[in-house]
Amino acid sequence: MRPEHWLYTIPLRLRSLFRWAQADQELDDELRDHLDLKTEQYVAQGMTQEEAHRRARLDLGGIEQTKEKCRDARGVNLVENFFQDLRYGLRMLRQNPGFTAAAVLAIALGVGINVGIFSVLNGAALRLLPIPRAEQVVSIDQILHGRVKRNAHNGSSMFSYSEYLDYRDHNHVFSGLLAYEPFVEATLGGGKMKELTGTLATCNYFDVLGEHPGQGRGFLESDCAAPGGNAVVVISDDLWRGTFASHASLVGKRIILNRTAYTVVGIAPPGFKGTEPIPSSFWAPITMQKALDPWSDRMADDNLSWLAVLGRVQPGVTMEQVRADLGVIAGRIDLLHPGRTTSLAIRTATFFNRQMEREILTPVVSVILAAFGLVLLVACANVANLLLARASVRQKEIALRLSIGASRWRLVRQLLTESLLLSLIGGTLGSLLAFWSFEAITRLIISHLPHQVSTLAVNVAPDFRVLGYALGLTFLTGIGFGLIPALQSSRQDLNTSLKEDGAHSGPGKRSGRFLRNALVGTQVAVCMILLLAAGLLLRGLYHAQTVDPGFEMKGVATMFLNLGQQGYDDTRGTAFMGRLRQRISELPGVIEVAQAECAPLSHDFSADAFTVPGRVEKIGIEYNHVSPEYFSVVGVPIVRGRGFLPGETHDSPGVVVTESTARRLWPDEDALAKTLRESRGREYSVIGVARDAQVAHLGDVHTTYLYFPAGTQDNLRVYVLVRYAGDFPATARGIRNVVQSLDADLPVDVTKLEDYLEVWRQPSRIVAALSGALGALALLLASIGVYGVVSYSVSRRVHEIGVRMALGADGGEIMNLVLRQAMRPVLVGGFVGVAGCAAVSWVLSSMLFGLSAHDPMAFVIVPLLLLILALVASYLPARRATRVDPMVALRYE
Amino acid sequence: MIASVTEDIEMSKPSDLVQGTLDMLLLKILALEPMNGFAVSQRLKQVSGDVLQVSDGSLYPALHKLEQEGWMTAEWKTSENGRRAKYYSLTRLGRRQLEKEADNWGRLSSAISRVIKLKEA
């Protein structure tokens, strides 16, 4: 439409909107004027005054209808009606406080938890980095295709240093491109022994991110001039406030990281925790990589993925230009590596950028959102049921409105306005609760996670995305629970509902009951799925608590030493380990000391592809390098052949395989003296067979696994396992003292071997708690739903029950009748829920520790529990039915 | 009694009017001079020789719609015989709209009459 058109119409619409009373008065006057003129005309034609007036009115076709048509023509009816509906809706809600409270509460719960979980996910994965002009900063991932041999440290889609330099020096789109290695572990020395997670960064890091240290300075170009040349560090505000107690003149002082002294040049601004979900405690120049981890020289390895790359896009440059420009560089790099093609994933940077992280995150997030969404569904079904029940009370009112000329859509609109009003109140309340409480809840959950992620840089405060989600969800909810009852109750046979008093026949009797039952069935089904998931996980946890992992966890203390990181070389490491093991074995109460590359269930894994000479098939086998005492310390017996002897090292040709590995490789044959070839071609022969034990993955007995003898190389990164008799604290203290006396700067953490179990159980514990809480919430809502529907149907049928009793039915029969009808939708819904859960429960199998995803215990107990609760929920109102006094009920008319 | 009402309503239905032509007729009539609703209905009947009858019940919503579209404005004036009445008059937009619709109508009606005048074989 042309603007001049609006010039005319807008004032008119506004006038009719804001001065609708006056506009209405004018309409009134206009029509009255018309009537007068018309009457005069008819009188002039010879009619009586009365007759003329009647004809004039008839010509107009009903004054009220015509007025209504005029209002419609003005297009303001929509708005006016809306306000009218709103006023009316508010009045209805005020008049039924019980109903309103129940509905608002259900919606608030449903919307609240959904908004809460969304704000957490939003904070974790959708929010931009909390840095100035974050929308300009993009993350770059490279995904390599083709036959590529590539080493990876942290993530395969990361960059090598030479690749980073290529992109940095040859792009035309960034005002700055930085690279960093995340999650660098370092031990803070100098009397404040502490394990830190930090970042190795290129020296433009703070400049590109636009973060300027609160005290001191960031990095200078000269800091990165030469490898190992400049031991400077910027520490986080948290570390400064925590460990260094806000020491006023820390800048310029030296701190020890992994035995090297670093000058603190700056303290990061408060609130800046790096660009990863796990906060960074310190930032060191990338050139200090080898000093922090002398084991590997990552800067020199052109084929190693270890650096995350972020770039700040120049103003005015589009994402397409960035892609095109970097694509050219990627193509040039590919030319140097025949057979390799690189595709780049470039996106505005958040806390989760890497392809692999996103691939893991997406399904997890979908499952979580779906689970929370299910609870909202149950809440909606509940409110819809309440509305349906109430609609039949209001049937007469609705019939009256229809009969005096309201259109069906007009009624549907009014009913929908009411439900939207309800959802808006509930949604607002729920969202407010969520904003207010979820930050605390998140902190609580995080504090229960395994200690290495005890803090997350997640900001759950609401932003426009969360508000949008809350609003969208609220409206969807309002329409979701309102539409069906509205359509249902506005479709009725006027004659019957006006004639009867509308109390005895439900609205559209059959379909009304069917709808209510369908809603109850849905609730029960959803509830069943959530509770079954919780039940399975709890069974899995119990299973993990009681499962026999095939080795003896009790009475073993364990400690991890990363000597390589602390600057030891082979010779010093071997000497240290020899002395250490000697001294520990002399401690009182210590029975035996062993060492291994991976402690049982420690989440340290090594694997290789092995072949059996004469066969083509490659078999992935996990392995461990262990000292001879390992088998007796962790209680894994050698069932055939022998274990290792004290003199055996990496050069010895013997390996010990597990029983299931032996069965897998040489079924029906003796495994002893058989040959096995590792991927680099070296051959080993089997000298012993060890009993199967779940040393690598809890709940998985059939992992193919073998043991190599430990050599001097294994001393630099080693688990020490100590079998002791007596109490743990004394033994642990003893072990700590031994380590301290040999090297006072070495961080030691002695734990029970059993504690590793906890890490395995943690994820399923969290998921079980979550699905249990959601299931309980759904159960509560569903019980209320069942109770509501049964008591409603009883109250509607007082008359019928009275008749039945007058005809001789006794209480038992009535109870039977009511319960039978109440339980039908519950049984159908329950069955659907069980079938649905059985179909999808395999997704949980990784958290069940070998328990079947169709565990009969869970699949019997949970449905039984639900059935009993549903019975109780329907028994209470059903009992009321048996107390109906036939005389009263019949006189009720 | 009830039956006669129904008849009345059916009789006065503008069933003879092609959809959308009522707007054009009203615009044309008001293009001559501003007038109130009653006068519009009288004029319409009079000019068309009683062929085009628009029920009062349809007339007013149509007028209001045209006003809403911005094709005419209305003002309250005191008529010759001293009563206040709502007078509709065409706006510039309304005149343009009338030209457009009259054009359309001309094309349509001549096309239809050409078809109707075809000689039967």
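The side chains of Lys38(A) and Asp56(B) meet in a salt bridge, with 2.8 Å from N to O. A salt bridge here is a side-chain nitrogen of Lys or Arg within 4 Å of a carboxyl oxygen of Asp or Glu. The model is predicted: local features need pLDDT of at least 70, side-chain atom pairs count only at pLDDT 80 or more, and totals for chains, interfaces and linings use all residues. Residues are numbered from 1 along each chain as its sequence is written, chains are lettered from A in the order in which they are written, and side-chain values use heavy atoms, without hydrogens or water.

Over all chains, the structure holds 38 salt bridges. The pair described above crosses between chains, from helix α2 of chain A to helix α4 (residues 56-69) of chain B. Helices (H or I, at least four residues) and strands (E, at least two) are DSSP runs, numbered from the N terminus. Across the interface of chain A and chain B, the rule finds two salt bridges. Six residue pairs are in polar contact between these chains, both residues at pLDDT 80 or more. A polar contact is a pair of N or O atoms within 3.5 Å; within protein, one must be able to donate a hydrogen and the other to accept it, and residues adjacent in sequence count only if both atoms are side-chain atoms.

On the side of chain A that touches chain B, α1 (3-18), α2 (20-44), α3 (49-60) and α4 (63-74) each supply at least two residues. The largest share, 12 residues, comes from α2(A). This side of chain A divides into nine nonpolar, five polar and 15 charged residues. Ala, Val, Leu, Ile, Met, Phe, Trp, Tyr, Cys and Pro count as nonpolar, Asp, Glu, Lys and Arg as charged, and the others, Gly among them, as polar. The contact (heavy atoms within 4.5 Å) takes 29 residues from chain A and 28 residues from chain B. The area buried between the chains is about 2800 Å², and carbon and sulfur atoms give 52% of it. Buried area is the accessible area (1.4 Å probe) that two parts lose on being put together, summed over both.

Within chain A, Pro130(A) lies in the loop between α6 (97-126) and β1 (137-145). Leaving aside neighbours within four places in sequence, Pro130(A) is in contact with Glu211(A) and Phe351(A). The C-alpha atoms of Pro130(A) and Gly274(A) are separated by 9.1 Å. These two residues are 144 residues apart along the chain.
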